[in-house]
Amino acid sequence: MFFGNPSMFTRLVIGKLVGLVLGIIGFFLLPFFWPEVSMHLRVGFLFWYATVGAMIAAFGVVTWHPVLKLPLPWWFRAPLIGAWMNLLLILIAWSEMQGLMNAVFGPDSMLSTPYWGVFEGAVLGLLIGYLCTKFGGEGEGTVDAMSHPR
């Protein structure tokens, strides 16, 4: 059953689909905010959020931090991964992200820094993590469901 809990396959499908939907939204909305946006950046956003969704879904297996000996609930883990991935995007594509933020908010606005994308990644990560966990479960049981029966 597709929505049987827990399932890594379901987590990955939900994560990629939600990420792809967010990427499609970004693909079509970017030209409205920044008419000079390149097609490369638009396609990059499309695939970026599908990848973020897959990463959040895959990390649903990790529910315990082995060094700190602390639990990692979905509501902490997913925003952390989303924020981290968007921070990497900002650091890699700083000039493009700065141009986008200047086009949207103006160059003198407090909101014109690309680092607001880290907050965006955390919020979107929270959404993706919630949906992945609700429909696909979490923890080691998600991997056991994919094991070959003996």
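**A walk through the helices of a predicted model**

From the N terminus on, the elements of this protein run α-α-β-β-α-α-α-α, which gives six helices and two strands. Along the principal axes, the C-alpha atoms fill a box of roughly 60 × 35 × 20 Å, and of the 150 residues in the protein, 39% count as buried. If we take the contacts with a separation of 6 or more, residues 24 or more positions apart account for 72% of them.

Let me begin with helix α1, which covers residues 8–33. Does the distance between its ends agree or disagree with what its number of residues should span? At 1.5 Å a residue, the 26 residues of α1 should span 38 Å, and because its end C-alpha atoms are 36 Å apart, the two values agree. The helix does have a kink, of about 30 degrees, which is found at Phe 27, shortly before the proline Pro 31. Phe 27 is also among the buried residues of α1, a list that includes Met 8, Ile 14, Val 18, Leu 22 and Leu 30, together with the glycines Gly 15, Gly 19, Gly 23 and Gly 26.

Now to a partner of this helix. Helix α1 packs with helix α5, residues 116–136, at an angle of about 145 degrees, and their axes are 8 Å apart; the crossing of the two is right-handed. On the α1 side, the contact is made by Thr 10, Arg 11, Ile 14, Gly 15, Val 18 and Leu 22, while α5 brings Leu 124, Ile 128, Leu 131, Cys 132, Thr 133, Phe 135 and Gly 136. Taken by kind, the residues of this contact divide into eight nonpolar, four polar and one charged.

Is Thr 133 buried or exposed? Its relative accessibility is 14%, and because the cut-off for buried is under 20%, Thr 133 counts as buried. Leaving aside its neighbours within four places in sequence, Thr 133 is in contact with Arg 11, Trp 74, Arg 77 and Glu 138.

Two of those names, Trp 74 and Arg 77, take us to helix α3, which runs over residues 74–92. With its 19 residues, α3 reaches 27 Å from its first C-alpha to its last, close to the 27 Å expected at 1.5 Å a residue. Its buried residues include Arg 77, Pro 79, Ile 81, Met 85, Asn 86, Leu 89 and Ile 90, and what covers the buried residues of α3 includes α1, α2, α4 and α5.

In helix α2, residues 39–58, I would point to Ala 50, which at 16% relative accessibility counts as buried. Which residues does Ala 50 contact, once its neighbours within four places in sequence are left aside? They are Lys 16, Gly 19 and Leu 20, and Gly 19 is itself one of the buried residues of α1. The C-alpha atoms of Ala 50 and Leu 87, which are 37 residues apart along the chain, are separated by 16 Å.

Finally, a word on the strands. In the loop between β1, residues 64–65, and β2, residues 70–71, sits Lys 69, which has a positive phi of about 55 degrees although it is not a glycine. Lys 69 is exposed, with a relative accessible area of 54%, whereas Thr 133 and Ala 50 count as buried.

Methods. Residues are numbered from 1 along each chain as its sequence is written. This is a predicted model: local features need pLDDT of at least 70, side-chain atom pairs count only at pLDDT 80 or more; totals for chains, interfaces and linings use all residues. Side-chain values use heavy atoms; hydrogens and water are left out. Axes are lines fitted to C-alpha atoms, for helices over the stretch in contact, and angles run from 0 to 180 degrees between N-to-C directions. Helices (H or I, at least four residues) and strands (E, at least two) are DSSP runs, numbered from the N terminus. A crossing is left-handed if the near helix is turned anticlockwise from the far one by less than a right angle, and right-handed if clockwise. Contact means heavy atoms within 4.5 Å. Ala, Val, Leu, Ile, Met, Phe, Trp, Tyr, Cys and Pro count as nonpolar, Asp, Glu, Lys and Arg as charged, and the others, Gly among them, as polar. Buried means under 20% relative accessible area, exposed over 50%, partly exposed in between (1.4 Å probe, protein chains only). The expected span of a helix is 1.5 Å times one less than its number of residues. The bend at a residue is the angle between axes fitted to the seven residues ending there and the seven starting there.
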